[in-house]
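Student: I'd like to learn how to read a protein model feature by feature. Could you take me through one?
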Amino acid sequence: MSIALMAVVLMVFVAIGIFGVGALVRRSRADGGRDDVAVGADVVTYLLLAASVMVLVFAISSLGRTAFPNDPFLFEPERRVAFALAAIAVSAPISIVLWGRQRKLRKRGAGVGGWTLYLTLMELVFGIALVVALSQTLRSLLTGFGTYFWTDVVVYLAVFIFHEYAVRDTPLPRQAYEIPRTVGAAIGFFPLVWGTIGVLYEGLDSIYSAMAGTTTFGPGVLESVALLLTGLPLWWYRWVHRWSDDHGPARRAWAILVAVASMIAMIGAAIVLVWNVLTFVFGLTSDRAADHFRFLPQAISFALVGFTAWHHHRGVLGRERTDSVRFYDYLLAAIGLVGLIVMVTILATAVFTSAFLVSEQMEMIVLVTLAGLAALGLWYLYYWNRGQASPRDEEAAATPRRLYLLVMGIITAVASAVTLIWFLVMVFQAVLGVGEVSESAVPVVTTFLASGLAAWHLLRTYTLDRRLFDDGVDIAPFDVTVVTSHPGVLATRFPKQARMRVVYREDDLGPIDDEMADAIVAAVDNRSAVVWVDESGFRVAHLR
């Protein structure tokens, strides 16, 4: 980002911040100092502080690049210095003043939301910047190629250390601090995984080439080592270091995404492996064995890294059937269902149209069949089999299952309706003599039938599930006020007649897990109440 652009961005944020804070302060005074208005003003201030700090840091980075150039084609260094100094002259005072103001507020226990947002933005922006700068530096040092700026590493690392000290000076509640830490873990995870895959691939590819007498391809192991060494420290520090078994929502959400992606990577590698074996055994390829199985090092690398990532992140979710595990299961079931519909459509097109048969695309048919079987197995295992493992009434009331059935039901119903319209357009064009119903109608009809069948099953199951947990009892509307550090899934446990209000604690002593949420709902008993949650459990006071 150029210094001129950063200056423009800073001026825009300054203008927004001035008007935003002024409007919120006036509203706060008019409303008697309402808490939500104060929170809004605090968030706007932190956004302004974040923009100012970004401009300041990138300007210092530009000065470092100019003072210690590693690029022989550095044009007009004086102009760069002028822009950087101007940006520092504007952003530094703003950063210092706003930082001091917000630190005093944090010392009084205020501004948890804004402080969390600010740290998350810093982690996202400077975490990525640090990873890019460090990977370029290590790659250049290890391989001798490429341009790097070691001053960038120093500047961004200093920003990282400064904010680590700031968090210890004014700590966040555990579950709030989990958000920027999870963002940092995600930033380190990608170069770690890609570097590990590269190192494994280069090693396995060298072994395979020596055994099969083929030529080795690839960028070289040193570039992968540079990526691995870049991502490992950040991922370890943000994900593993000083972390107990108490995983909050942000950490569990990231674990779900990684576990699902890792499972798909393992399945993809297995499909490619079986596909290549079958096509070779049945003589569907003319390549010699050494060339046909050239993919083995890459497939094995993806499978090994995918299994390792899956095993670790799946363990974070635990073995009990909590909502986190249900989200994981139903997300995989949704992917399996979509994959099954797509593969059935492709397979029908390949079988019932002459173009594919004439062009001898049997390898493609085998691949699509294997992918369809894998999708069917994924859907059956994580929807049908896992869903039947727990009591039906308990599973029917679970939010992940309800979301899966409703969202996927709507998506498949829309897909079925769209393809039906498309097919009717073909029919009416043929009747009017401006077209014909050709083989292109095969994928349209197949998608309509497959999506329609899926939509019918999903929406019918959703209706049957609702009858289980909606027993028709007439419940009067009631109010529930919950004092907790994090409500978890409590809102989804109450009936729709409940009006729940959350008062957040400033510490992390009152989180609500799935088991406690069910106990609170039972204790409230559909009556207006105040619920206090702390480290010793919860207490319910019913209102008259």
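Student: Is Asp525 buried, partly exposed or exposed?

Tutor: Start with the classes: buried means under 20% relative accessible area, exposed means over 50%, and partly exposed is in between, with a 1.4 Å probe and protein chains only. Asp525 has a relative accessible area of 47%, so it's partly exposed. Asn526 is partly exposed too, because its relative accessible area is 30%. Keep in mind that this is a predicted model, where local features need pLDDT of at least 70 and side-chain atom pairs count only at pLDDT 80 or more, while totals for chains, interfaces and linings use all residues. Residues are numbered from 1 along each chain as its sequence is written, and side-chain values use heavy atoms, leaving out hydrogens and water.

Student: What about the backbone of Asp525, where is phi?

Tutor: The general idea is that most residues other than glycine have a negative phi. Here, phi of Asp525 is near 60 degrees, a positive value, and phi of Asn526 is also near 60 degrees. Asp525 sits in the loop between helix H18 (514-524) and S3, and Asn526 is found in that loop as well. Helices (H or I, at least four residues) and strands (E, at least two) are DSSP runs, numbered from the N terminus.

Student: Which strand does S3 join, and in what direction do they run?

Tutor: Two strands pair if DSSP finds at least two bridges between them. S3 (residues 529-534) and S4 (residues 537-542) have six bridges and run antiparallel. Two residues lie between them in a hairpin, and Val530 stands opposite Ala541 in S4.

Student: How do I read a core, and which residues touch the most other members of the largest one?

Tutor: In soluble globular proteins, nonpolar side chains tend to be buried together. A nonpolar core is a set of buried Ala, Val, Leu, Ile, Met, Phe, Trp, Tyr and Cys residues joined through side-chain atoms within 4.5 Å. The largest one has 40 residues, and Met263, Tyr328, Leu337 and Tyr404 touch the most other members. Helices that each supply at least two residues of this core include H8 (249-281), H11 (323-352) and H15 (399-431). A second, separate core has 27 residues, among them Val57 and Leu130.

Student: What is Leu337 in contact with?

Tutor: Contact means heavy atoms within 4.5 Å. Leaving aside neighbours within four places in sequence, Leu337 is in contact with Trp379, Tyr404, Met408, Ala454 and Leu458.

Student: Is Arg401 buried or exposed?

Tutor: Arg401 lies in helix H15, and it counts as buried because its relative accessibility is 5%. Beyond neighbours within four places in sequence, its contacts include Tyr330, Glu395 and Asp465.

Student: Which residues make the nonpolar surface patch?

Tutor: Patch residues have over 30% relative accessible area and no salt bridge; like charges are joined within 9 Å, nonpolar side chains (Val, Leu, Ile, Met, Phe, Trp, Tyr) within 5 Å. A salt bridge is a side-chain nitrogen of Lys or Arg within 4 Å of a carboxyl oxygen of Asp or Glu. Areas come from the Shrake-Rupley method with a 1.4 Å probe, and for residues only the protein chains shown count as cover. This patch, about 720 Å², is made by Phe327, Leu403, Leu406, Val407, Ile410, Ile411, Val414, Val418 and Leu459. H15 gives the most, with seven residues. Ile411 lies in H15 and is partly exposed, because its relative accessibility is 48%.
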